[in-house]
Structures are given as C-alpha cells and as structure tokens.
Amino acid sequence: MMKKSLKILFIFLCFFSFTSFSNAETLKHLKEQLASDEANQASIEQRKKEVQSKIKAAENEISALEKNIEQYENDIVDLLNEIDKLESDISAREVEIDSLLSFLQVANGDNVYLEYIFGAKSLTDFIYRGTVVEELTAYNDELINEMYVMIEKEKKMQIELKEKISIEEKSIAELDNKLKSYDVSLSDLENAHSDVAADIQARKKTIEYYEKIYKENNCKEDIDLVECITSTPNTTGFVRPLEKGTISSEWGYRICPVHGREIHSGIDIAVAMETPVYAAAMGTVSGITTKSSCGGNIVTINHIVNGKEYRSVYMHLSSISVRMGQVVDITTVIGKSGGGGYTLKKNGGWDTCSTGAHLHFTIKSGWSGSTTLNPRNFVNFPAYGKSFYTRF
C-alpha cells in the first residue's frame, strides 16, 4: 500500500513539476520571447532583401523584353518600307517590259520583231539580235521574280517578328504577374516586419517594467511573474469594454476580407470613431504597442481573476490614455476607438488590416504566451449582429 501511495505521489509531483515549468510565465521567459522576436525580425529582413532582389531581376528582364519589342517593331517598319520599295521597283520593271514589248511589237504579233531579227546583215548579227531581245525580256522577268521572292520572304519575316513580339508580350505579362505577387509578398513582409518591430518595442517596455519590479522585490528571473508582482489586484470577473456597440465578428475561424480564412483571436465590436474604451477588469497595464501595421495602437492589461492570471488586449485604438504599470479598474478609459480608413488617413498609413471602425477585444490565458480564449466565456456579449447599450 505504501509503495502504491509513493508511486501515485511521484507521478503527481512529476506532473506538477512539468506543468509548472511548461506554464511558467517569468521575466526570463519574456526575455526569451524578445530574443525570438529579434531573430524573427532578422529573418524577415533577409526575406525582404530576397524578394527585393527578385523584383529587381524581374524589372530588368521586363526592361530587356520591352527593348526587344521596340527593336522588333522598328524591324517591321523597315520591312514594310522595303516591301513598298520592292513593289515600286516591280511596277517600274513591268512598265519597262511593256515598253520594250511595245517597241518590238511582239505582243501585237506584228512583224517588226521578225524584221529586226531578219534585218541582220550576217548570221552573227542575226544571232546577236535574237539574243538581245530574249535576254532583255528574260532579265526583267528574272528581276521581277526575284523581287516577288524577296517580298514573300520579308512578309514571312514580318510574321516571325510579330510572333516574337507576341511571345515577348506574353513573357512580360507573366513577369508582371510575378511582380504583383512579389509586391504583395514584400508588402506582407514589410507589415510583418513593422508588427514584429512594434512587438519588440512593446516587449522591451514590458521587460523594463518587470525588471524594475523584480529588482524592487528581489526576485530571480525564473520566478513566476504573479509570485513576484503583488500590485495587480484580484478581481471577480470581466465586463464589456464599451458602453455601447454592435458585435461584428466572432472569436475563432472566419473569412476575413483582408486575409481570407483565418483564426480570429478576439471579438470585434463595431463602434463610432473616438469612442471611449474602458478596461474590462481591474488590472495592471503590461503592454503598449503604437502604430502597428495590423492592430494599430494596442493596450494589454494583466489581470488576476478569481486567483487565475489573464490578459485582455484592446486593438485598433486611435489613441492611448494609460501608461505601462498603471493599475486600472473598469472605470479607467484606456484609449479611444479607431480603425479603418479613418485611422489610415488620420495617422499616415498604419493599421492596414482594419477595414472599419471597431474595437478588437481579446482575452488570453496567463500573463505571457499566445493562447487566446473566447471572450464570450468571460463577458456577457449579445449575439452576432446585435447591439448592447450598457457595460454589464
């Protein structure tokens, strides 16, 4: 019986140790996350350079193809001019033959030709006169035939050049499509780089804040945040972060007009621009991000609710009214709502993934990590598309 009890105790202790380690939210962990973000930023920067190199290569290739097309078009113009000249020469030769035949009156069957031939004073002269007439007409016929051959050849060259132009234009179209994909990729990378940079900036501020608290409380970096920080008050639950609004998007999988199918990390509340946004529960401001390309101004608050650690996140704010480390309650205005074209126009081009004025509200498990929870499990929100007019 004793062995069995010891075995159960051993398993329990192993499980407890494992879960405590795996869920540990410490200053050391935050610094590891910062190092990971900085490595990710360097990776994104490298990928940006690679995409920029591809864009430059594609642009150079398009430029070369456009020069080829320009040369082919000039060659076609030269061929058309040459064909016009040949056709003009043919007409002149035909007139010359007609004049010759008219002079000799061979076409009319008159005997001038015979008189010319038989007017020879000797056999040699006879042969010479016959040969002259024959060679004159044959020479002109041959020249005309050669010119017709040249015309056909140059018409064929025209067709070949037009085919080359068509091929080059197709290549340009394909490169244009590549450039569009590269531009989208580069834009995504620049946004990602901007977001990671904003995350790094926010995480550095968070680490700086916690370092001060850890030092004041003489805590080691591998001690859990909640064990070292005593300023965050315990509360019993969350309330709505707005006095009124309409539920416009749910937590979980959705089809987004900007990103397509995605996991939506929070619940969206459509609201008028510049509406006051409140803390959803008592807590301590633990993160502030400004001008993120996807999220805009963001405030994160640490909470202890019924003894458990949570974070609430408020995104797409047009302005922020709190500071790092500030203790807040449900009456504290943390900022004002933003998002959509208004935010872009007013603030110079950030928060590009927001399509309209709203508050994105997220609840996360613990004081670090990325596990999001359905806000409906903590806050009494109405159904999708419905509105509310109180905070409770």
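Colleague: Fine. What kind of model is it, and what is its mean pLDDT?

Modeller: The model is predicted. Its mean pLDDT is 78, and 77% of the residues reach 70 or more.

Colleague: Where is confidence lowest, and where is it highest?

Modeller: The lowest is helix α1, residues 2-22, at a mean of 30. Strand β6, residues 276-278, is the highest at 96.

Colleague: What about the surface?

Modeller: The accessible surface is about 22700 Å², and carbon and sulfur atoms account for 54% of that.

Colleague: On to the inside. How many residues does the largest nonpolar core have?

Modeller: It has 61 residues, and Tyr210 and Tyr314 have the most contacts inside it. Elements giving two or more residues to this core include α2 (27-104), α4 (123-216), β9 (308-320) and β12 (358-365). The largest share, 15 residues, comes from α4.

Colleague: Which residues does Tyr210 touch?

Modeller: Leaving out residues up to four places away in sequence, Tyr210 touches Leu27, Leu30, Leu225, Ile229, Ser286, Asn302 and Trp367. There is also a second, separate core of 7 residues, and Ile83, Leu86, Ile90 and Leu143 are among them.

Colleague: I clicked on Ser166. Where is it found?

Modeller: Ser166 is in helix α4. Its relative accessible area is 43%, so it counts as partly exposed. The C-alpha atoms of Ser166 and Ile69 are 8.9 Å apart, although these residues are 97 apart along the chain.

Colleague: Let's switch to strands. How many bridges join β8 to β9, and which way do they run?

Modeller: β8 and β9 run antiparallel and are joined by 8 bridges. Ile304 stands opposite Glu309 in β9.

Colleague: What is between those two strands?

Modeller: They form a hairpin with 2 residues between them. Asn306, in the turn, has a positive phi of about 50 degrees.

Colleague: What else pairs with β9?

Modeller: β12 is joined to β9 by 6 bridges, running antiparallel. In that pairing Tyr314 stands opposite Phe361 in β12. Strand β11, residues 333-337, is joined to β9 by 3 bridges and is also antiparallel to it. There, Ser319 stands opposite Lys336 in β11.

Colleague: Where do side chains point along a strand?

Modeller: In a regular strand they alternate between the two faces of the sheet.

Colleague: Last topic, the rings. How many aromatic pairs are there?

Modeller: The count is 6 aromatic pairs. One of them is Phe238 with Phe378, which is edge-to-face, with 6.0 Å between centres and 85 degrees between planes.

Colleague: Why does that pair tie together parts 140 residues apart in sequence?

Modeller: Because Phe238 lies in the loop between β1 (234-235) and β2 (245-249), while Phe378 lies in the loop between β13 (372-373) and β14 (387-388).

Colleague: Is Phe238 buried or exposed?

Modeller: Phe238 is at 9% relative accessibility, so it counts as buried. Phe378 is at 25%, so it counts as partly exposed.

Colleague: And what about Phe361 and Phe381?

Modeller: Their ring centres are 6.2 Å apart and their planes are at 70 degrees, so that pair is edge-to-face. Phe361 is in strand β12 and Phe381 is in the loop between β13 and β14, so the pair ties together parts 20 residues apart in sequence. Phe361 is buried at 0% relative accessibility, and Phe381 is buried at 7%.

Colleague: Which residues form the aromatic cluster?

Modeller: Tyr314, Phe361, Phe381 and Phe388 form one cluster.

Methods
Residues numbered from 1 in each chain as written. Predicted model: local features only at pLDDT ≥ 70, side-chain atom pairs only at ≥ 80, totals over all residues. Heavy atoms only, no water. Core = buried A, V, L, I, M, F, W, Y, C linked by side-chain atoms within 4.5 Å. Buried < 20%, exposed > 50% of the residue type's maximum accessible area, 1.4 Å probe, protein only. Helix = DSSP H or I, 4+ residues; strand = E, 2+ residues; numbered from the N terminus. Contact = heavy atoms within 4.5 Å. pLDDT = per-residue confidence, 0-100. Phe/Tyr/Trp six-rings, centres within 6.5 Å; stacked < 30°, edge-to-face > 60°. Areas by Shrake-Rupley, 256 points an atom, 1.4 Å probe, with all protein chains shown as cover. Pairing = 2+ DSSP bridges.
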